[in-house]
Amino acid sequence: MSAPYAVHRGAAGAVPAAGRRLPRPPAEIAVPGLAALVAGLWSLGSPPLWRDEAATVSAIVRSLPELLHLLESVDAVHGAYYALMHGLAALLGTGPVGLRLPSVVFAALAAAGVGALGRALGHPRAGLYGGVLLAGMPIFSRYAQEARPYALALAVAVGATLLLVRALRRRTAGAFALYGLAVAALGHVNLFAGLIVAAHGCFTLLTRGPVVRWCAAAGAALAAVAPLAWVASRQRAQIGWIPRPDLADAGMLAVRLFGDVGALRPAWLGLAPLIWALAVCGAVRLARGGADGLHRRCGGDPGVSPPGRPLLALALPWLLVPPLTLLAVSWAAQPVYVFRYVLCCVPAAALLAGAGLAALPGKAVPGVLAAGLALSLPGHAAVRGPEGRQDDPGPVVRLVAAAARPGDGVLFVPARVRKYAVVYPEVFGRLTDVALATSPERHGSFTGRQVGRRRLVARLHGLRTVWVVGHTGATRLSERRFRLLSRSFVHTGQWRFRGMFVARFVARSQVSSNGAGVGKYASRNRLSSSSCSGVVGAVSLRQNASCLRRASMRRSFAGVLRRERST
């Protein structure tokens, strides 16, 4: 166990004389922050708002009483983020760029915080390189460009860790109180990110910090989060979809924790092996007692005693404890592991990799950074393309906008797909939502309340066309609705996209009035289906080929429902 450490102090800690300008942020803080900002703004609006971001839009456009009503039944764990975004949406709007811009800023703060951590631990160059590596990671950009709370949790986790380092240096009640507030804030942003507290406890023990004061601060923070945890436990059905992780999930964890998204095949090709090698190099160098030389090479002041191994004592528990805990709970009890819940551990891998890069000869650093950039490009292209999310509503919206007529019916399958009606009101607002009884705002949910069978039959009467929009896969209830729909309507077209589908049903009375049999009408409308795909392709040539390929592989609608699984 190492002795208590002295934190490296640089020029940034000096107080400016009266009348002088405030000093510029040191390079190890400014450069990673700017790099993350550039990476986050790159093609920020390209990926369409997917289903989780649609939930954000649905929540934040409500009034505050309606938002509170929603949180009583679902998504209480995201209440702090929704409240923050409710205020920001008034300034930034609810378009893709405006919604995602706060996450870009939060991600930039997290990257800058990694540089600040390296500086606070006496390894400024390790912090600089670690922050730059973090900013260049595809997995980092994936969540920096998403209107969800995970980038905010990342920033708060790094900030809480910085406050812990500060508290262990000052050892005052006030410093630990600030740390406790940061941990409480982290728990309200993301409950599972609060597992980082266990890693902080390991760091406090390994550096011989004031354990009693740390326990008091952490205990008070956990007590502040306890009411939210109790409410979340009553809403645990909303994570009932999480599968039990297998060896493939554990393998992908090793890829994602070290910055990649597995865009190549096999998934471990890409950036992750380079970050593995750098992190192992840094950890081994520190563990074998190379702290003196690494301290000087990383830019530490030769006149200040090296800080022992606090970087290793901080980064290793931070990297390993939260994900291993979630995996163990998922295997032993209820499945709760999803990678985004442990995204806050990625800065630890970046910090270790930064230490490894700082230990290399200076002439090798540009080449390694260039290699990392090249290896990260496939992942960056993937997260910014239509395949970067679980679903791609863009072609669906363009198809419905081009082919549906005002007054046509729309049926969302399952009901949670109705969130897209809030995101694209100009498209779905002109259609009749045949299954909606009570709006999501009044019902206090994302789905609203559905009508019963008899009322649905009454609403379908008189409609000429019904468009079914849904996720690939549906429940048995949805199958019953489709059977009910088929009694009065003919299934005349279907288009499948990433994670979503559109099906068109035309009234049998409309078919008869045109003087054509069902078979002839359906055959004729296959050409109309192709023309709709052409409309989608006219908007996006790159997606045209994909739409046509999928249209040529149409299956019967019932077969799709049997074989697909809800994502």
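Modeller: Happy to! Let's begin with arginine 142 and glutamate 146, which are both buried (buried means under 20% relative accessible area, exposed over 50%, and partly exposed in between, with a 1.4 Å probe and protein chains only). Before going on, please note that this is a predicted model, where local features need pLDDT of at least 70 and side-chain atom pairs count only at pLDDT 80 or more, while totals for chains, interfaces and linings use all residues. Residues are numbered from 1 along each chain as its sequence is written, and side-chain values use heavy atoms, leaving out hydrogens and water.

Arginine 142 and glutamate 146 join in a salt bridge, 2.5 Å from N to O (a side-chain nitrogen of Lys or Arg within 4 Å of a carboxyl oxygen of Asp or Glu). Arg389 belongs with them in a network of salt bridges. By this rule, the count is eight salt bridges.

Helices here are DSSP runs (H or I, at least four residues), as are strands (E, at least two), numbered from the N terminus. Both glutamate 28 and arginine 119 are buried.

Aspartate 391 and arginine 51 also form a salt bridge, at 2.5 Å from N to O. Here too, distant parts of the chain are linked: aspartate 391 lies in the loop between α17 (365-383) and α18 (393-403), and arginine 51 in helix α2 (residues 51-60), 340 residues apart. Aspartate 391 and arginine 51 are both buried.

Arg453, Arg454, Arg480, Arg483 and Arg487 form a positive patch. Patches are made of residues with over 30% relative accessible area and no salt bridge; like charges are joined within 9 Å, and nonpolar side chains (Val, Leu, Ile, Met, Phe, Trp, Tyr) within 5 Å. Lys and Arg count as positive and Asp and Glu as negative, with His and the chain ends not counted; a charge is placed at NZ of Lys, CZ of Arg, CG of Asp or CD of Glu. Helices α22 (453-460) and α23 (476-488) each give two or more residues to the positive patch, and α23 gives the largest share, three residues. Arginine 454, in helix α22, is exposed, with a relative accessible area of 74%.

Methods:
Accessible areas come from the Shrake-Rupley method with a 1.4 Å probe; for residues, only the protein chains shown count as cover.
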